[in-house]
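Keep the sequence and the model side by side as you read. This report takes up one topic at a time.

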Amino acid sequence: MEPILQLSNRDKEVLVSAFLKLSTNPYRDYPAFCDEIASLSRTSTIPDAVATACEQIRVNRASGSEAAYLLRNCPLDPLIPVFDQDDPVSDKYRQKKTFVAEGFLALFAELTATPLLAYSTRNNGDFFHDVYAHNRYRNTQTQKTDGELYLHNDRTAHPVRADYLSLLGMRSDPSNLIYTGYVDGRSILRFLSAEHQALLRQPLYCTPYDEYSRDSNSLQVDSKPHTVLEESHCFRYYETRTKPLPDAPREAFEAMLAFRDALVLAEKVRVSIGVGDLFSFPNQAGLHNREIVKVCDPVQARLRWLLKTYSFRSPEYMQRFREAFSTGVDGLVCDNVESAYAA
């Protein structure tokens, strides 16, 4: 996949210098951190190439062109720590003292007008998440696994789901061939009949929550009945998990089989996210996975680290979910109580 932007070393250095001057820890005071980033975005510090690329992405997404985008040579922290894999999130709080990577992800969200999303019961309500192996979740289907991930969209079972995901490569050994695959929803639709599409638009399906979600929130066991196909080409699906309800008509099972066939036929993009690469793509208007093709260094494969953000498609769209932001922080979904937003 060709990058929309490869930052020059000079532009990267300018951004690293700016982010090292940030005075707020985003894991302690996210709103204040956001205010700093918003102020920074309005200054001449932002390189023209970055502002132009982000504006192009914003315009394309607003017009319905939801292509995935790759940026290379992005700013990272001077020190990339290795975390204890029995409790990596807590160890990150202890070790990470600079927030260059978080700053760049927040700036990207600001400049593309896609505000970030977080969940009160997921990683302590953090807006920045680690795709990093956790010993407890080996060989599971969560962002904490060290294994492959099937085609899915993040938080499939949750009623509030990100429109976009962004993954920033923090540590990735090029000797290990590990890919993030992406399938555009429009490509899937080409292989589905109108009859099957109509069935997939009915709430005849269910998705269990993943192990990490269940451990974080005892209320999260199974989703409420949901559709698989939403809007024009958005899919709510996790391979091997999403299934027709037990009492669904036979036609719903046939539609699911047709959908799985369409996934095989649809065109796929595979991206190797290297150190300093930012891969941003639609979460609902497509599906993604992790493919492990070859591992030459198993230790480094387990230490691979991507910093991830969830985001809404626009500030206006985010406000549709404002009743879920009971903590008073925009974008922070309070999902530890029974509500319209806690499945």
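## Cysteines

Is Cys206 buried or exposed? Cys206 is buried, because its relative accessible area is 18% and the cut-off for buried is under 20%. Keep in mind that this is a predicted model.

How many disulfides are there? The count is zero. A disulfide needs two cysteine sulfur atoms within 2.5 Å. The closest cysteine sulfur to that of Cys206 belongs to Cys234 and is 20 Å away, so the two are too far apart for a bond. Cys334 is in no disulfide either. For Cys334, the nearest cysteine sulfur is that of Cys34, at 18 Å. Cys334 is buried, with a relative accessibility of 13%.

## Two crossing helices

Two packed helices are described by the distance between their axes and the angle between them. Take helix H2, residues 30-41, and helix H5, residues 100-111. Their axes come within 9 Å. They cross at roughly 65 degrees, and the crossing of H2 and H5 is right-handed.

Which residues make the contact? From H2 come Phe33, Ile37, Ala38 and Ser41. From H5 come Glu102, Gly103, Ala106, Leu107, Glu110 and Leu111. Sorted by type, the residues of this contact of H2 with H5 are six nonpolar, two polar and two charged.

## Salt bridges across the chain

Side chains of opposite charge can pair when their charged atoms come close. The whole structure holds 14 salt bridges. One of them joins the side chains of Arg72 and Asp277, with 3.5 Å from N to O. Arg72 lies in strand E2 (residues 69-72). Asp277 lies in the loop between strand E12 (269-271) and strand E13 (278-282). The pair therefore ties together parts that are 205 residues apart in sequence. Arg72 is partly exposed, at 28% relative accessible area. Asp277 is buried, at 6%.

Another salt bridge pairs the side chains of Asp146 and Arg302, at 3.0 Å from N to O. Asp146 sits in the loop between strand E4 (129-131) and strand E5 (149-152), while Arg302 sits in helix H10 (residues 298-302). This pair ties together parts that are 156 residues apart in sequence. Are Asp146 and Arg302 buried or exposed? Asp146 is buried, and so is Arg302.

Glu231 forms a salt bridge with Arg313. Their closest N and O atoms are 3.0 Å apart. Where do the two residues lie? Glu231 is in the loop between strand E9 (229-230) and strand E10 (234-235). Arg313 is in the loop between strand E15 (305-311) and helix H11 (315-318). The pair links distant parts of the chain, 82 residues apart. Glu231 is partly exposed, with a relative accessible area of 44%. Arg313 is also partly exposed, at 28% relative accessibility.

Some salt bridges share partners. In this way Asp77, Lys96 and Glu102 are joined into one network.

## Positive phi in two loops

Most residues other than glycine have a negative phi. Ala113 has a positive value, near 55 degrees. Ala113 is in the loop between H5 and strand E3 (116-119). With a relative accessible area of 24%, Ala113 is partly exposed.

Asn123 also has a positive phi, near 55 degrees. The place of Asn123 is the loop between E3 and E4. Is Asn123 buried or exposed? Asn123 counts as buried, at 5% relative accessibility.

## Two residues and their surroundings

Ser311 is in strand E15 and is buried, at 4% relative accessibility. What does Ser311 touch, leaving out residues up to four places away in sequence? Its contacts are Thr114, Pro115, Leu116, Leu117, Ala162, Asp163 and Tyr164.

Arg186 lies in helix H6 (residues 185-189). Arg186 is partly exposed, with a relative accessible area of 31%. Leaving out residues up to four places away in sequence, Arg186 touches Gly64, Ser65, Glu66, Ala67 and His233. The C-alpha atoms of Arg186 and Ala38 are separated by 34 Å, and the two residues are 148 residues apart along the chain.

Methods: Residues numbered from 1 in each chain as written. Predicted model: local features only at pLDDT ≥ 70, side-chain atom pairs only at ≥ 80, totals over all residues. Heavy atoms only, no water. Buried < 20%, exposed > 50% of the residue type's maximum accessible area, 1.4 Å probe, protein only. Axes fitted to C-alpha atoms, helices over the stretch in contact; angles between N-to-C directions. Helix = DSSP H or I, 4+ residues; strand = E, 2+ residues; numbered from the N terminus. Left-handed = near helix turned anticlockwise from the far one by under 90°. Contact = heavy atoms within 4.5 Å. Nonpolar A, V, L, I, M, F, W, Y, C, P; charged D, E, K, R; others polar. Salt bridge = Lys/Arg side-chain N within 4 Å of Asp/Glu carboxyl O.
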